[in-house]
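Student: I'd like to go through the side-chain contacts in this one. Can we take them one at a time?

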Amino acid sequence: MEYYDYTFQDHFKKAAPVFLPRKDLLDYVIARNSVDGALDGVKYNHTVLSVTYDESSKKFNVEVRDDTTGKTSKAKYDKCIWAAGLHESAEKPDDIMSVLEEYEGKVLHSVEATEDFQQYVKGKKIMLVGDSSSAEDLALRAVKLGAKHVYICARSGDGECSDTKSWPSDKVTVVFGPPYKCTKGTSFKCQGVYWSEKRQRWRRDDEEDTVKLKDIATVVLCTGYEPNIDMIEDDIQYDDEETWEASKGWTMENNALTISVGNPSPSKKLRVGATCYPDLYRGLLIDNPSMMYIIEPYEPVSAFLNLDVTAHSLLAFLTGGAEIPKEKDMLKANQKQLEEEMQIPWFRLAIDPAYRAEIDELPEGHWSENADDERAISLNLMPGEFLVRTLARDMKACKYPLDLGDGKKLNKKGEACVKMIVASGNARSRISPEDKAWKTFRDVDPSQFASLHTGTPACALPRHFMDVKCDKGEKLTVATMK
């Protein structure tokens with residue numbers, strides 16, 4: 001997905017692969033957001049020390065330190081926008097860190113897997129904790145760098161790695177269960193887990209077999225990141241773990257999975273949705289709309305596209321282009337959106353522990369695991385359609401210069417967007433047996449992807465991704481890959 005006013009064709013001057021190298025994405029975002037001096041007013045090398053809100057004056061008090069001089073300054077503002085990003089600091093879960101206390105090998109967080117990563121993986125067995133995009137990228141990178149074998153420990157099994165049906169050279173194994181014990185300094189015991197509603201935490205499932213991983217030389221924590229909102233006083237912080245309740249009498253409509261899992265009553269405490277934080281309405285903090293957050297949802301159509309639409313939404317609220325709704329109306333709108341998410345099985349799975357418990361009881365080899373089954377195809381289409389309809393609705397509301405339709409019906413561009421989301425997922429789940437020795441999600445058929453703005457189709461990689469390389473000392477980019 002590209003920006004409407006600066007396409008990949010504008011930036012690269014040619015067609016680009018479906019999945020871009022990270023350096024290219026960074027350069028693209030910086031180039032677009034530097035146009036016409038957009039960053040000239042930014043104060044670099046400054047740290048925001050505190051943000052408080054004075055209810056009597058309706059002003060924000062902000063204290064900032066100039067890191068080049070050490071001097072601090074204070075100022076008052078009518079509005080405050082937090083846009084510091086979700087990935088500020090590495091998240092290291094306490095339960096995993098306690099297991100690693102007895103480990104004698106090398107421990108890295110994914111953010112530390114930089115240019116010297118090869119020395120920790122070549123010819124070695126490594127274990128990645130977590131199964132989302134960081135683990136997916138690093139597993140493939142480790143195999144390219146000569147790892148003996150890569151084990152990926154998945155807790156919930158909801159990540160990209162768990163959706164991937166095969167890995168190059170059979171050098172990657174997904175273990176469904178986190179490590180719970182380190183033995184003999186470099187070996188681990190892993191076991192499947194389930195969510196305990198009573199204890200409100202994950203517990204080991206004694207009905208699942210223990211998996212032993214031996215001689216692990218390197219452990220990489222692919223456990224995500226945390227946003228830094230510590231400088232903001234508690235009363236004006238958003239809560240990315242806030243729970244909510246379904247309305248009385250809410251029930252799930254029948255879908256392809258109903259005959260298999262029934263329609264369990266929702267848990268009393270439901271988790272944050274894929275598209276909506278309960279206390280944020282299109283970037284506005286509901287109980288104080290003068291405090292705003294430019295932040296992507298857990299399941300964006302595209303991270304920087306969703307962020308750009310949120311920025312436009314806030315600009316509309318600030319300039320009078322859109323009216324800020326009453327608090328009760330914002331709460332009502334969020335409740336409606338979250339409950340609509342709950343109608344989609346794969347979204348409800350992440351939101352509702354009671355529904356997850358039913359899904360976890362499905363037998364191995366259930367039709368829902370077969371991406372070619374017509375029922376699975378129907379289910380896998382639902383999340384993409386909802387994501388794009390929600391984004392299209394927000395685009396309409398803030399007059400964003402891209403039209404995907406609206407919250408009820410998508411136009412041709414919106415439908416094309418959904419097809420690309422589905423194709424992206426299929427790139428992992430529908431790798432044919434004859435291609436599994438080499439194929440990765442990055443080797444997806446590019447004919448399924450084209451620019452929504454220029455119509456330019458994506459291009460293929462110069463060779464199989466596992467064979468793509470660049471000259472020594474260069475970073476992999478569209479320009480250097482060969």
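Student: Is Glu136 buried or exposed?
Tutor: This is a predicted model, where local features need pLDDT of at least 70, side-chain atom pairs count only at pLDDT 80 or more, and totals for chains, interfaces and linings use all residues. Residues are numbered from 1 along each chain as its sequence is written, and side-chain values use heavy atoms, with hydrogens and water left out. Buried means under 20% relative accessible area, exposed over 50%, and partly exposed in between (1.4 Å probe, protein chains only). Glu136 comes in at 2% relative accessibility, so the label is buried.

Student: Which side chain meets Glu136 in a salt bridge?
Tutor: A salt bridge here is a side-chain nitrogen of Lys or Arg within 4 Å of a carboxyl oxygen of Asp or Glu. For Glu136 the N to O distance is 2.6 Å, and the partner is Arg428.

Student: How many residues apart in sequence are the parts that Glu136 and Arg428 tie together?
Tutor: Helices (H or I, at least four residues) and strands (E, at least two) are DSSP runs, numbered from the N terminus. Glu136 lies in helix α5 (residues 133-144) and Arg428 in helix α13 (residues 412-429), so the separation is 292 residues. Arg428 is buried as well, with a relative accessible area of 11%.

Student: And Arg282, which residue does Arg282 form a salt bridge with?
Tutor: The closest N and O atoms are 3.3 Å apart, and Arg282 pairs with Asp394. Arg282 sits in the loop between β17 (280-281) and β18 (284-285), while the partner lies in helix α12 (residues 374-398), so the pair ties together parts 112 residues apart in sequence.

Student: Which residues do salt bridges with shared partners join into one network?
Tutor: The structure holds 18 salt bridges. Shared partners link up one network, made of Asp5, Arg32 and Asp308.

Student: How far is the charged end of Lys144 from the centre of the ring of Phe465?
Tutor: A charge sits over a ring if NZ of Lys or CZ of Arg is within 6 Å of the ring centre and within 35 degrees of the ring normal. Arg204 lies over the face of Tyr180, at 3.8 Å from the ring centre. For Lys144 over Phe465, the distance is 4.4 Å.

Student: What is the relative accessible area of Asp67?
Tutor: Asp67 meets Arg65 in a salt bridge at 2.9 Å, N to O. Arg65 is partly exposed at 31%. Asp67 is also partly exposed, and the value is 37%.
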